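Here is a short tour of a structure, side chain by side chain and strand by strand. Have the viewer open as you read.

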There are 2 protein chains.
Amino acid sequence: MRGAAGGANLLALRSHNTALVLDLLRTAGGAGISRLELAERTGLTPQAVSKITGRLRGEGLAAEAGRRASTGGKPRTVLRLVPGAGHALGVHLDRDELRAVLVDLDGTVVAERRAPLDLGAGAETVLEMVARAAEELAAEGLGHLVAEGARVPGAALAAAPTLLGLGVALPGPLDHVRGVLHRITGFPGWDGYPLREALERRLGVPVVVDKDTNAAALGLAVGGAGAEEGSEEGSGAGVEAGGEGGSGAGVEAAGAGARGGSFAYLHLGTGLGAGLVFGGGVHRGARTGAGEFGHQVVQLDGPPCTCGARGCIEALCLAAVARGDLAEAARVLGTGAANLAGLLDIDLVLLGGRTVAAAPEAFVHGVGAVLDARARREGGHDGPVPVRLAPAGTRGVAEGAAQLLLAPLFGRGEGG
Amino acid sequence: MRGAAGGANLLALRSHNTALVLDLLRTAGGAGISRLELAERTGLTPQAVSKITGRLRGEGLAAEAGRRASTGGKPRTVLRLVPGAGHALGVHLDRDELRAVLVDLDGTVVAERRAPLDLGAGAETVLEMVARAAEELAAEGLGHLVAEGARVPGAALAAAPTLLGLGVALPGPLDHVRGVLHRITGFPGWDGYPLREALERRLGVPVVVDKDTNAAALGLAVGGAGAEEGSEEGSGAGVEAGGEGGSGAGVEAAGAGARGGSFAYLHLGTGLGAGLVFGGGVHRGARTGAGEFGHQVVQLDGPPCTCGARGCIEALCLAAVARGDLAEAARVLGTGAANLAGLLDIDLVLLGGRTVAAAPEAFVHGVGAVLDARARREGGHDGPVPVRLAPAGTRGVAEGAAQLLLAPLFGRGEGG
DNA sequence: TGCACTTTGGCAACACCGTTGCGAAAGTAG
DNA sequence: CTACTTTCGCAACGGTGTTGCCAAAGTGCA
């Protein structure tokens with residue numbers, strides 16, 4: 001709601017309330033939600049909700065979808081988001097693979113691409129690969145929406161009426177606001193590359209760039225991390241730890257995807273990073289560099305890390321993994337998680353990444369044990385912070401990248 | 001702006017914009033600010049600002065105060081906050097001392113009390129001491145505002161028309177929302193004590209309770225931490241480190257007190273704690289327990305801490321202080337600060353507390369050196385995070401406690 | 001001294017927001 | 001079929017920031 005200056009006018013008021021309603025419609029998913037429920041959840045009057053939803057229906061973003069059972073009077077009409085009213089592209093540039101998805105407003109993946117990738121091939125080459133994948137996905141998923149005459153190669157994206165833009169997620173520190181990469185460890189050719197500007201010029205649609213961990217965290221935040229279903233894709237999504245000693249804390253945390261939820265997503269793959277979510281939005285910090293978790297020092301004068309420091313979590317954790325000592329790796333990771341949870345007082349810790357996926361139970365239980373111990377030391381006024389496996393599968397980061405474009409629609413931009 | 005539900009109506013819109021204008025008036029201080037400047041800073045139209053300031057003048061919260069030099073036309077009229085239009089009481093319950101202040105809207109201390117304290121004397125005794133100090137301060141600073149007939153002992157506070165309430169800051173974890181103490185280390189009699197409720201019943205004015213570190217951080221946030229003046233009270237306020245390698249990062253950080261500023265206040269006294277400020281507001285976390293900094297583990301399997309864990313910053317740091325090795329203490333503290341700064345990407349680190357005050361240079365330079373080294377490792381796209389001595393003197397926590405009541409007026413409640 | 005110009009800031013009309021009062025629509029219960 | 005409950009839209013309303021216009025209060029130049 002607050003722009004750069006902070007003053008709010010009537011347009012901002014409307015945008016805020018509209019985004020709130022859209023977010024609730026999205027969260028409700030296929031089940032839908034009635035006008036009166038929307039009124040209760042937003043605190044607005046039913047009449048205001050009717051006006052807002054009427055406008056949304058006029059714009060094609062919402063539609064009526066059946067009605068509820070009566071409770072003694074006129075039954076409530078159920079409203080539903082029209083998923084096809086908007087789309088976004090998400091691209092995940094990993095160290096050895098490119099994954100691209102086209103999602104609709106609901107976050108459902110409409111089309112998907114996957115290709116081997118060599119970040120060392122240079123920015124121009126990779127840029128062209130991204131553009132090609134984006135155009136193919138748009139043609140596959142949105143081709144029927146494009147007017148016949150507009151189907152000229154190279155202008156496919158700009159011609160798609162429902163496409164909101166493209167989100168790119170990649171490792172390494174970068175400037176999220178300006179869309180400029182700082183560096184990618186091991187690939188010096190990327191230093192200072194203005195990825196957003198280059199892609200926007202090439203594709204003609206809005207582009208947003210973010211760290212992979214932030215994208216993953218955003219995807220989890222809007223996807224309702226820790227929600228009931230959990231039968232998404234990952235086979236080990238049911239694994240959980242840390243709820244035993246708690247007084248209902250696990251139940252509380254189940255709604256982490258809702259507004260106000262806060263969690264940390266810890267990603268352990270070839271490196272270690274974190275994405276922080278406070279109040280439903282990603283915390284990026286003053287210079288959009290937040291989430292530097294791997295190089296937190298947890299062992300003064302410990303073994304040297306590639307970054308030049310000593311005793312970094314990443315170095316300790318990966319060394320333990322390399323020698324097969326998963327229990328120790330989980331203990332180190334848990335120590336970092338406990339530090340983080342104590343400092344920020346979050347609701348939930350989510351674990352992800354290839355290394356975690358290779359042995360989910362070991363990490364979830366190991367990290368959970370450390371958090372349990374900490375909670376017990378503190379006297380247990382509140383239960384321990386629950387630890388779960390991030391439900392998103394291998395394409396979770398790409399989906400999160402697409403959410404970089406969708407989130408502002410739902411009022412999830414910048415911290416809430 | 002967002003309440004529990006999130007929906008915003010016209011009243012909320014007005015409150016938001018009014019708070020924004022009040023905050024700018026407060027920040028401008030004695031120099032004042034013109035209507036057009038307010039319009040530029042808020043993004044509102046000049047006419048909207050005129051309406052808002054007109055309302056504020058009608059309520060006695062703002063007044064015209066001279067005019068600027070002309071720039072070729074009608075000179076701008078300068079507006080100023082009327083400091084006496086509102087007051088708040090702030091109490092700091094330290095382990096061995098009670099400090100209470102009465103401040104006006106501007107944050108200026110109008111009256112002050114100080115008394116030795118024994119937290120072990122029991123909640124009732126301390127409660128009575130707080131109430132007595134509050135009533136004395138109110139009588140001293142606000143007596144002339146109270147109608148003659150209303151001057152009956154025990155009802156002094158409720159009768160003072162400009163008094164917004166009382167803020168209490170004290171060590172140890174607590175529930176800020178409900179105003180209930182969890183515990184105070186070393187004083188088991190306080191476990192679970194409903195301090196807010198008890199004080200509100202005793203005094204008849206709104207009461208807010210918070211951790212001492214949060215109160216200090218809030219005081220620094222609204223006081224413009226790192227601003228130019230610095231000639232407050234602390235003799236070593238000029239000490240600074242970490243700006244040398246930076247590209248103007250120090251200048252940027254000078255505005256940490258303004259909206260959008262983010263910093264961490266690290267308090268090293270008998271214990272070690274932190275207060276986090278993002279976007280001008282205190283980050284308290286999901287269960288208002290954030291800022292647990294002292295028991296971050298920075299040495300796996302290190303020496304045992306009183307909390308039961310091993311290798312906590314607090315234990316390592318205080319042990320180093322005890323044996324006179326301030327350089328090592330600063331290095332440990334700096335390691336924790338670097339972890340924190342990397343994780344959250346803050347603008348500034350502020351140091352305070354008795355132990356720091358006893359040797360400011362050693363800590364500021366020692367912590368700054370660790371942050372410098374980290375920034376240099378990362379390639380230095382941005383300069384290192386500056387480290388400064390918190391400018392607030394010994395009564396800073398009490399002033400911050402009073403700001404717990406004033407901050408909501410200026411839109412600084414809960415995260416900006 | 002007088003006139004032209006610039007800039008500030010208030011008055012009035014306006015568009016738009018959520019709110020309130022009221023009634024039509026659409027069910028259930030008897 | 002009637003009485004009742006509940007949902008939801010239409011119309012009028014109060015209040016918000018915005019726009020168009022004009023008076024006030026300066027400066028600069030002839």
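## Salt bridges

Glu378(B) is partly exposed at 27% relative accessibility, taking buried as under 20% relative accessible area, exposed as over 50% and partly exposed as in between (1.4 Å probe, protein chains only). The side chain of Glu378(B) meets that of Arg374(B) in a salt bridge, at 3.2 Å from N to O; the term stands for a side-chain nitrogen of Lys or Arg within 4 Å of a carboxyl oxygen of Asp or Glu. Arg374(B), with a relative accessible area of 14%, is buried. This is a predicted model, where local features need pLDDT of at least 70 and side-chain atom pairs count only at pLDDT 80 or more, while totals for chains, interfaces and linings use all residues. Side-chain values use heavy atoms, with hydrogens and water left out, residues are numbered from 1 along each chain as its sequence is written, and chains are lettered from A and ligands numbered from 1 in the order in which they are written.

Searching the whole structure turns up 48 salt bridges over all chains. One of them joins Arg132(A) to Glu128(A), with the closest N and O atoms 3.4 Å apart. Both residues sit in helix H4 (residues 123-142) of chain A, 4 residues apart, or about one turn of the helix; helices (H or I, at least four residues) and strands (E, at least two) are DSSP runs, numbered from the N terminus. Asp96(B) and Arg354(B) also form a salt bridge, their closest N and O atoms being 3.1 Å apart. That pair links distant parts of the chain, 258 residues apart: Asp96(B) is in the loop between E4 and E5 of chain B, and Arg354(B) is in helix H11 (residues 354-358) of chain B. In chain A there's a network of salt bridges too, linking Glu97(A), Arg99(A), Glu112(A), Arg114(A), Arg395(A) and Glu399(A).

## An enclosed strand

Strand E5 (residues 97-104) of chain B has 8 of its 8 residues buried, so it is largely enclosed by the rest of the structure. Glu97(B), Arg99(B), Val101(B) and Val103(B) point one way from E5(B), while Leu98(B), Ala100(B), Leu102(B) and Asp104(B) point the other way.

E5(B) runs antiparallel to strand E4 (residues 87-93) of chain B, with 7 bridges joining the two; strands count as paired if DSSP finds at least two bridges between them. Val91(B) has Ala100(B) as its bridge partner, and the E4(B)/E5(B) hairpin has 3 residues between its strands. Another 7 bridges join E5(B) to the antiparallel strand E6 (residues 109-116) of chain B, where Glu112(B) stands opposite Val101(B). The hairpin of E5(B) and E6(B) has 4 residues between the strands, and Gly107(B) in this hairpin takes a positive phi near 90°.

## Rings and charges

How are the rings of Trp190(A) and Tyr193(A) arranged? Their centres are 5.6 Å apart and their planes at 85°, so the pair is edge-to-face. Rings of Phe, Tyr and Trp (its six-membered ring) pair if their centres lie within 6.5 Å, with planes under 30 degrees apart called stacked, over 60 edge-to-face and the rest tilted. Trp190(A) and Tyr193(A) are both buried.

The charged end of Arg26(A) sits over the ring of Phe410(A), 5.0 Å from its centre; the rule asks for NZ of Lys or CZ of Arg within 6 Å of the ring centre and within 35 degrees of the ring normal. In chain B, Arg26(B) lies over the face of Phe410(B), at 5.0 Å from the ring centre.
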